[in-house]
Amino acid sequence: MSSLRSHDDTWDIATSVGSTAVMVAAARAKETDSTDPLIRDPYARVLVSGAGPGMWESFLEDGMQDRIAEADPAGAALFANMLSYQAVRTHFFDRFFAESVEAGIRQVVILASGLDSRAYRLPWPVGTVIYEIDQPKVLEYKSATLAAQGVPATAERREVAIDLRQDWPAALKAAGFDPNRPTAWLAEGLLMYLPAEAQDRLFEQITELSAAGSRVSAEAVRHHDEQRRARMRERWEKMATDLGIERNVDIQELTYNDPGRSDVTDWLNAHGWAASGTVSTDEMRRLGRWVEVAEEDYQDGFSTFVVAERQPAG
Ligand code: SAM
């Protein structure tokens with residue numbers, strides 16, 4: 001059990017798990033500003049800028065990559081690899097949604113949506129309804145920030161402000177969700193923040209709410225041994241210290257590295273879905289976005305991107 005977490009903890013955008021949403025949005029902003037971006041998230045920068053002081057500010061600093069390269073060339077490769085990972089992850093799930101709407105799905109649920117701006121930046125077909133589930137203050141921050149910029153949603157966007165460890169299916173239905181219509185679900189950047197049993201419960205709930213033809217996609221993480229985690233933590237701490245960056249978030253301390261966590265692909269295949277997984281390093285290489293790193297610990301893929309389709313009953 002993580003030392004910073006409890007079964008009913010809450011947060012806003014700049015604290016605890018909320019701040020991880022700002023970190024990944026900062027990575028999207030950085031990719032968007034790069035010379036040959038894989039994805040474009042025109043709202044990421046404004047969403048990061050309004051979140052207050054934090055480590056994410058150094059991500060966006062001009063010349064940060066040069067500064068890292070000077071202080072710690074191997075660290076610069078790690079940083080570039082991490083940014084590239086985030087771009088590839090966004091690209092993968094953007095394509096998941098494009099294929100889902102192509103297949104006729106018009107009901108979308110983004111679990112733990114954080115500062116995901118897909119409801120504002122993707123070209124959704126007319127009639128698409130997107131439900132975003134996250135803690136109240138996170139959703140409130142995103143919609144207020146984008147409303148203040150005059151940014152309209154590109155689909156009908158409905159907020160479901162609730163913790164995913166509570167009775168979110170009831171809240172989702174109360175917001176108008178129809179379990180008889182096929183749905184495209186996304187769990188990106190979420191599962192590591194849930195205990196293993198909460199992950200299983202989440203997929204049970206998704207399964208109960210999914211009509212045949214529904215699709216689900218997820219970023220699945222596996223258990224890492226504690227020595228490896230310690231090495232990773234020390235590596236990032238060293239980099240931050242060398243650069244004089246104050247680490248106000250230790251992401252590892254927010255995650256549940258539970259040994260008994262289900263393999264998401266296997267779980268879905270055993271519960272009425274046809275699922276397959278793509279190891280993140282393979283996807284990064286396929287897109288020409290793998291950045292060589294010296295550290296052994298980073299060679300075997302941070303996660304698996306899972307996609308599944310609900311099979312007809314019977
Ligand atoms: N999916 C978004 C993305 O990729 O940009 C956000 C990912 S961020 C790393 C993690 C998000 O999960 C945060 O927005 C956080 O509030 C949300 N989250 C984590 N645990 C949650 C829970 N139990 N209930 C609701 N939201 C949760």
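## Contacts around Ile13

Contact here means heavy atoms within 4.5 Å. The model is predicted. Isoleucine 13 is in contact with Gly18, Ser19, Ala21, Val22, Ala51, Leu115, Val138 and Tyr141. That list leaves aside the neighbours of isoleucine 13 within four places in sequence.

## Nonpolar cores

The largest nonpolar core holds 64 residues. Four of them touch the most other members: Ile13, Phe97, Leu115 and Trp124. Helix 5, residues 73–102, gives the most to this core. Its share is 12 residues.

In soluble globular proteins, nonpolar side chains tend to be buried together.

## The ligand and its shell

The ligand is surrounded by 22 residues. The closest are Trp11, Arg89, Ala112, Asp134 and Leu164. Sorted by class, the shell has 11 nonpolar, 5 polar and 6 charged residues. Helix 1, residues 16–33, supplies the largest share of the shell, with 5 residues.

Which atoms of the ligand lie 2.9 Å, 3.5 Å and 2.8 Å from polar atoms of the protein? An oxygen atom of the ligand lies 2.9 Å from a polar side-chain atom of arginine 28. A nitrogen atom of the ligand is 3.5 Å from an N or O atom in the side chain of arginine 165. At glutamate 188 the backbone takes part: one of its polar atoms is 2.8 Å from a nitrogen atom of the ligand. Taken alone, the ligand exposes 590 Å². The protein buries 99% of that.

## Arginine 89

Arginine 89 is one of the residues closest to the ligand. Is arginine 89 buried or exposed? Its relative accessibility is 5%, so arginine 89 counts as buried; the cut-off is under 20%.

Arginine 89 touches Val24, Glu188, Gly189, Glu219 and Phe305, not counting residues up to four places away in sequence. Among them is Glu188, whose backbone has a polar atom 2.8 Å from a ligand nitrogen.

## Alanine 71

Alanine 71 lies in helix 4, residues 64–71. Alanine 71 counts as partly exposed because its relative accessibility is 43%, between the 20% and 50% limits. What separates the C-alpha atoms of alanine 71 and leucine 243? The separation is 7.2 Å, although the two are 172 residues apart along the chain.

Key: Residues are numbered from 1 along each chain as its sequence is written. This is a predicted model: local features need pLDDT of at least 70, side-chain atom pairs count only at pLDDT 80 or more; totals for chains, interfaces and linings use all residues. Side-chain values use heavy atoms; hydrogens and water are left out. A nonpolar core is a set of buried Ala, Val, Leu, Ile, Met, Phe, Trp, Tyr and Cys residues joined through side-chain atoms within 4.5 Å. Buried means under 20% relative accessible area, exposed over 50%, partly exposed in between (1.4 Å probe, protein chains only). Helices (H or I, at least four residues) and strands (E, at least two) are DSSP runs, numbered from the N terminus. A residue is near a molecule or strand if one of its heavy atoms lies within 4 Å of it. A polar contact is a pair of N or O atoms within 3.5 Å; within protein, one must be able to donate a hydrogen and the other to accept it, and residues adjacent in sequence count only if both atoms are side-chain atoms. Accessible areas come from the Shrake-Rupley method with a 1.4 Å probe; for residues, only the protein chains shown count as cover. Ala, Val, Leu, Ile, Met, Phe, Trp, Tyr, Cys and Pro count as nonpolar, Asp, Glu, Lys and Arg as charged, and the others, Gly among them, as polar.
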